[in-house]
Amino acid sequence: MILAGAMLSLGGCEAGNDNQSAEERGPAITVAVAVAGAGSAPADCGKLPDFVPLYADARIETCVSGPAGEPHRESGTLVYTTGATPEAIIAWYRDKAALDGLVPALATPTLFSAHDGGKRSTMAVVETARGVTKVTLNWGRDI
């Protein structure tokens, strides 16, 4: 529960990705997840905010979202795997953030984060596990 709450404070799955093609969004998958303090709630990973894209071959393992720890804010965390390299994923998220008007905050070979003054934020962390790249994507936004 504490881990889920901490993950939720970083980023949530709600608004549509109407300005992206199906390939840019990745798969539209609904996953039932446990959200801290909310019991079991559906998280529609096909309706992520437009600044939270999924890589084309994303295979979602976890998707949680909900209200963040402050009023009028929501956040979420997705974990997915992909066949792309960690370097390709970080470069892709860097390019997507620039297109969405987000300013880079942190960048390493395994992490990229960006924001737009606190109204929207995103962070991708990558690691190689069992021959695939695992991506943990956190996001947050004002609502």
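This is a predicted model: local features need pLDDT of at least 70, side-chain atom pairs count only at pLDDT 80 or more; totals for chains, interfaces and linings use all residues.

Trainee: Okay, strand E6. Is it mostly covered or mostly open?
Mentor: Mostly covered. E6 spans residues 111–115, and four of its five residues are buried.

Trainee: In what sense do E5 and E6 pair?
Mentor: Antiparallel. E5 covers residues 103–108, and the pairing with E6 runs over five bridges.

Trainee: How many residues sit between E5 and E6?
Mentor: Two. The strands E5 and E6 form a hairpin.

Trainee: And which residue in E6 is the bridge partner of Ala-107?
Mentor: Phe-112. Phe-112 also has a bridge partner in E7, namely Ala-124.

Trainee: Tell me about E7, then. How many bridges does E7 have with E6?
Mentor: Five, again in the antiparallel sense. E7 takes in residues 120–129.

Trainee: What's in the turn between E6 and E7?
Mentor: Four residues separate the two strands of that hairpin. Gly-117 is in the turn, with a positive phi of about 80°.

Trainee: New topic. Where is Thr-122?
Mentor: In strand E7.

Trainee: Is Thr-122 buried or exposed?
Mentor: Buried. The relative accessible area of Thr-122 is 10%, and the cut-off for buried is under 20%, so Thr-122 qualifies.

Trainee: Which residues is Thr-122 in contact with, leaving aside neighbours within four places in sequence?
Mentor: Phe-112, Ser-113 and Ala-114 are among them. The list also includes Phe-51, Leu-102, Leu-137, Asn-138 and Trp-139.

Notes
Residues are numbered from 1 along each chain as its sequence is written. Side-chain values use heavy atoms; hydrogens and water are left out. Buried means under 20% relative accessible area, exposed over 50%, partly exposed in between (1.4 Å probe, protein chains only). Two strands pair if DSSP finds at least two bridges between them. Contact means heavy atoms within 4.5 Å.
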